[in-house]
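Thanks for coming. Please look at the sequence and the structure on the screen, and I will walk through them.

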Amino acid sequence: MNPDLGSLYAWVKVSRERVFAWAEALPDGVYTLEGSEFAFGSLRNVQAHVAGCYRVWVGARGLREDVGGPDPASVPDVTAMRRVFADVDSMMERALDTFAAPDEAFDLVLPGEVLRVTQRWLVMHPVTHEFHHKGQMLTMGRVLGFPYPPGPDTDLGLPGEVPGG
């Protein structure tokens, strides 16, 4: 496994766990509450979108696996979303074990364009994407009257919070 990307992703998972714990503490129905003014419509839909981003960039484009994002309607609650991200974590582990040249540039051919990327970029793109949308989720929670509580923030897990980190 690429040690620096492995440590980074371990810290990301600590941060994600804090968001999951907050979401589990929300009253019934808030996690899936649809609002047209919200990005992707609900907290659940945002997380499904994030999981899909990992699956597309790392799974399909990096590992060349046939993967797709989850249908939010098939994810009724945080427990089910945890299972979606357990699959993402397994895929990320495969990628981190497989990506042997993380900084070697290559051309990624997409419909209508060619991107010059690296394996490191394929990992970092969905990570930064997740953090962007995590901010949206926390804002949505505040708007709905359920702000993230004081305590450890969701920025990034600290090095001592993960084994070897």
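A word on the basis first. This is a predicted model, in which local features need pLDDT of at least 70 and side-chain atom pairs count only at pLDDT 80 or more, while totals for chains, interfaces and linings use all residues. Residues are numbered from 1 along each chain as its sequence is written, and side-chain values use heavy atoms, with hydrogens and water left out.

The chain has four helices and two strands. Both kinds of element are DSSP runs numbered from the N terminus: helices are H or I with at least four residues, strands are E with at least two. Read from the N terminus, the order is α-α-α-β-β-α.

Now the overall dimensions. The C-alpha trace spans about 45 × 40 × 20 Å along its principal axes. The radius of gyration is 16 Å, which agrees with a compact globule, because 165 residues in such a globule would give a value near 15 Å. That radius is taken over C-alpha atoms, and the globule rule is 2.2 Å times the number of residues to the power 0.38.

How much of the chain is buried? Of its 165 residues, 44% count as buried. Buried means under 20% relative accessible area, exposed means over 50%, and partly exposed is in between, with a 1.4 Å probe and protein chains only. As for contacts, meaning heavy atoms within 4.5 Å, residues 24 or more positions apart account for 70% of those with a separation of 6 or more.

Next, serine 42. Serine 42 sits in the loop between α1 (3-24) and α2 (43-60). Why does serine 42 count as buried? Because its relative accessibility is 0%. Leaving out residues up to four places away in sequence, serine 42 touches Tyr31, Thr32, Leu33, Glu34 and Met140. A polar atom of the serine 42 side chain lies 3.0 Å from the backbone nitrogen of asparagine 45.

Aspartate 71 belongs to another loop, the one between α2 and α3 (78-98). Its relative accessible area is 46%, so aspartate 71 is partly exposed.

Last, threonine 139, in helix α4 (residues 119-143). Threonine 139 is partly exposed, because its relative accessible area is 35%. Threonine 139 and phenylalanine 38 are 101 residues apart in sequence, yet their C-alpha atoms are 9.5 Å apart in space.

Methods:
Polar contact = N/O pair within 3.5 Å; in protein donor to acceptor, adjacent residues only side chain to side chain.
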